[in-house]
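Subject: Structure handover

Hello,

Here is the structure you are taking over. Please open it alongside this email; my notes follow below.

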Amino acid sequence: MLAFDFVALLAHVSLGTIAVAMGAVALVMQKGGGFHVGAGRVFVFCMGLSSILGALLGALQHETLWITFHAGLLGATLVASGVLVLRIRMGSARQWFMILASANALNMAGLLGAGLYATT
């Protein structure tokens, strides 16, 4: 039986590869067109799931992959903030932006701490 971390890593890399390809497709297609919107939706799904899996892998193997945890959190919050910009008017999204900003601030503090620890 395959180990969970191997399957998660395989899914993480596969989804990330699909996200990069769909991001490229969305960039070259006419903005707002069917292909652009479809590629963007696939990008958001794959990038979001890949980011979450990366964060999970980083947390599970924190001795060697702690930075991956923070990168996964950053990716997930960036995808979520992009979705909020497109889907929710600014007035009703303010609380979600504050939650995402707080998550990014905590993530930044964690990265700063990890960087300081690495220099000692």
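In what order do the elements of the protein run from the N terminus on? They run α-α-α-α. Please keep in mind that this is a predicted model.

Overall picture

The secondary structure comes to four helices and zero strands. The protein has 120 residues, and 22% of them count as buried. Along the principal axes, the C-alpha atoms fill a box of roughly 50 × 40 × 25 Å. I also looked at contacts with a sequence separation of 6 or more: 54% of these join residues 24 or more positions apart.

Helix 1 against helix 2

Two packed helices are described by the angle between their axes and the distance between the axes. Helix 1 covers residues 4-28, and helix 2 covers residues 34-60. Their packing angle is about 150 degrees, and the axes lie 7 Å apart. Angles over 145 degrees count as roughly antiparallel, so helix 1 and helix 2 are roughly antiparallel to each other. Their crossing is left-handed. By class, the contact of helix 1 with helix 2 has 20 nonpolar residues, seven polar ones and one charged one.

Helix 2 itself

Helix 2 has 27 residues. From its first C-alpha to its last, helix 2 reaches 39 Å, close to the 39 Å expected at 1.5 Å a residue. Which residues of helix 2 are buried? They are Ala39, Cys46, Gly48, Ser50, Ser51, Leu53, Gly54, Ala55, Leu57 and Gly58.

Two residues to look at

Start with alanine 26, in helix 1. Is alanine 26 buried or exposed? Its relative accessibility is 12%. The cut-off for buried is under 20%, so alanine 26 counts as buried. Leaving aside neighbours within four places in sequence, alanine 26 is in contact with His36, Ala39 and Gly40. One of these, Ala39, is itself on the buried list for helix 2. For a distance check, pick alanine 26 and methionine 47: they are 21 residues apart in sequence and 14 Å apart in space, C-alpha to C-alpha.

Next comes serine 50, in helix 2. Serine 50 has a relative accessible area of 5%, so this residue is buried too. Which residues does serine 50 contact, leaving aside its neighbours within four places in sequence? They are His12, Leu15 and Gly16. Those three residues fall within the 4-28 range of helix 1.

Over to you.

Conventions. Residues numbered from 1 in each chain as written. Predicted model: local features only at pLDDT ≥ 70, side-chain atom pairs only at ≥ 80, totals over all residues. Heavy atoms only, no water. Axes fitted to C-alpha atoms, helices over the stretch in contact; angles between N-to-C directions. Helix = DSSP H or I, 4+ residues; strand = E, 2+ residues; numbered from the N terminus. Parallel < 35°, antiparallel > 145°, perpendicular 65-115°, else oblique. Left-handed = near helix turned anticlockwise from the far one by under 90°. Nonpolar A, V, L, I, M, F, W, Y, C, P; charged D, E, K, R; others polar. Buried < 20%, exposed > 50% of the residue type's maximum accessible area, 1.4 Å probe, protein only. Contact = heavy atoms within 4.5 Å. Expected span 1.5 Å × (residues − 1).
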